[in-house]
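Me: I've got a model to go through with you. Can you put it up, and then I'll start asking?

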Amino acid sequence: MPRLLYIESSPRKQRSASIEVAKVFISAWKSKHPGAVVDTLDVWNTPLPEFDGAVLDAKYAGIQGLPLTPEQDAAWTQIRSLASRFHEADLLLFSVPMWNFGIPYKLKHLIDVVSQKDLLFTFDERGLKGMLDGRAAVVIAAQGASRNRKEHQLAYMDTWCEMVGITEHHHILIEKTLFGPEVDTQAREDASLAAIALARQV
Ligand SMILES: Cc1cc2nc3c(=O)[nH]c(=O)nc-3n(C[C@H](O)[C@H](O)[C@H](O)COP(=O)(O)O)c2cc1C
């Protein structure tokens, strides 16, 4: 049974453009895969550990190939459990608002927590090797304006997908959500059509 991990990162919920289009995508994807499982990870309602203290020490111990102390191992448990949700999925779907040319800090927090050696990637002298290969990712990105210069939203998500080994990554852009209700509605409708077409393909 195919499994989709949906990572929701707008706190605007009912008013959010990225969530609205992501829901259209999920509905179209579920009609193509009856019985498929959707696991939702809302970064605003999921406790994420602070990345300091024993968690940080565990990360560096892992990088150096040292055994974890019992305290580090306990701190790592929540991280392993979050990372396992990425491994269990066949498809990752992100709804991502643009915040200050980048992604919301809560999504960055999740990414910083789960992107760990031996969980989502390995590395040695030859370089990085992502461990999520074979999966696909879709990023539904909302932007208040358009043609943001030097944007770090899609560019960042593309780079992260490649780091964890996901070569098949797609995005749908909803632009100009702050340009008044008519422009916003049109942008959401255009993106929803693109989402339905993409859901049939991935
Ligand atoms: C903190 C914050 C920062 C923002 N920064 C930008 C930005 O740099 N560029 C832009 O085009 N829109 C920016 N916006 C507008 C959002 O991208 C826009 O409202 C978008 O629709 C948010 O996605 P959502 O509707 O899914 O929440 C910002 C909004 C917030 C709340």
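Reply: One term before you start. Two residues touch, or are in contact, if their C-beta atoms, placed from the backbone, lie within 7 Å. This is a predicted model: local features need pLDDT of at least 70, side-chain atom pairs count only at pLDDT 80 or more, and totals for chains, interfaces and linings use all residues. Residues are numbered from 1 along each chain as its sequence is written.

Me: Good. Which residues does Gly-130 touch, leaving out those up to four places away in sequence?

Reply: Leu-120, Phe-121, Met-163, Val-164, Gly-165 and Ile-166.

Me: And where is Gly-130 placed?

Reply: In strand β5, residues 127–130. Strands (E, at least two residues) and helices (H or I, at least four) are DSSP runs, numbered from the N terminus.

Me: How many C-beta neighbours does Gly-130 have inside 10 Å?

Reply: The count is 19, so Gly-130 is partly exposed. The scale: buried means 20 or more other C-beta atoms within 10 Å of the residue's own, exposed means 12 or fewer, and partly exposed is in between, with C-beta atoms placed from the backbone.

Me: Switching to the ligand. How many residues surround it?

Reply: 18, and the closest are Ser-18, Pro-97, Ala-142, Gly-144 and Thr-177.

Me: Left-handed or right-handed crossing?

Reply: Right-handed, for α1 passing α6. A crossing is right-handed if the near helix is turned clockwise from the far one by less than a right angle, and left-handed if anticlockwise.

Me: Which residues make the contact?

Reply: From α1, they include Val-21, Val-24, Phe-25 and Trp-29. From α6, they include Asp-184, Arg-188, Ala-191 and Ile-196. By class, the contact has 11 nonpolar, 1 polar and 5 charged residues.

Me: Next pair. At what angle do α2 and α3 pack?

Reply: About 95°, with axes 8 Å apart; α2 is residues 53–63 and α3 is 70–88. The two are therefore roughly perpendicular to each other. Among the residues in contact are Ala-54, Ala-58 and Ala-61 of α2, and Ala-75, Trp-76 and Ile-79 of α3. The classes there are 7 nonpolar, 1 polar and 2 charged.

Me: Now backbone. What is the phi of Lys-13?

Reply: Positive, about 45°, although Lys-13 is not a glycine. Most residues other than glycine have a negative phi. Lys-13 sits in the loop between β1 (3–8) and α1. It counts as exposed because it has 11 C-beta neighbours inside 10 Å.

Me: What about Lys-150, what's its phi?

Reply: Also positive, about 45°. Lys-150 is in the loop between β6 (136–142) and α5 (154–163). With 6 C-beta neighbours inside 10 Å, Lys-150 is exposed.

Me: Gln-153 is in the loop between β6 and α5 as well. Is it buried or exposed?

Reply: Buried, with 24 other C-beta atoms within 10 Å. Residues touching Gln-153 include Val-96, Met-98 and Phe-101.

Me: Last one. Which residues does Ser-16 touch, not counting those up to four places away?

Reply: Ser-10 and Pro-97. Ser-16 lies in the loop between β1 and α1, and is buried, with 20 other C-beta atoms within 10 Å.

Terms used:
Nonpolar A, V, L, I, M, F, W, Y, C, P; charged D, E, K, R; others polar. Near = placed C-beta within 6 Å. Axes fitted to C-alpha atoms, helices over the stretch in contact; angles between N-to-C directions. Parallel < 35°, antiparallel > 145°, perpendicular 65-115°, else oblique.
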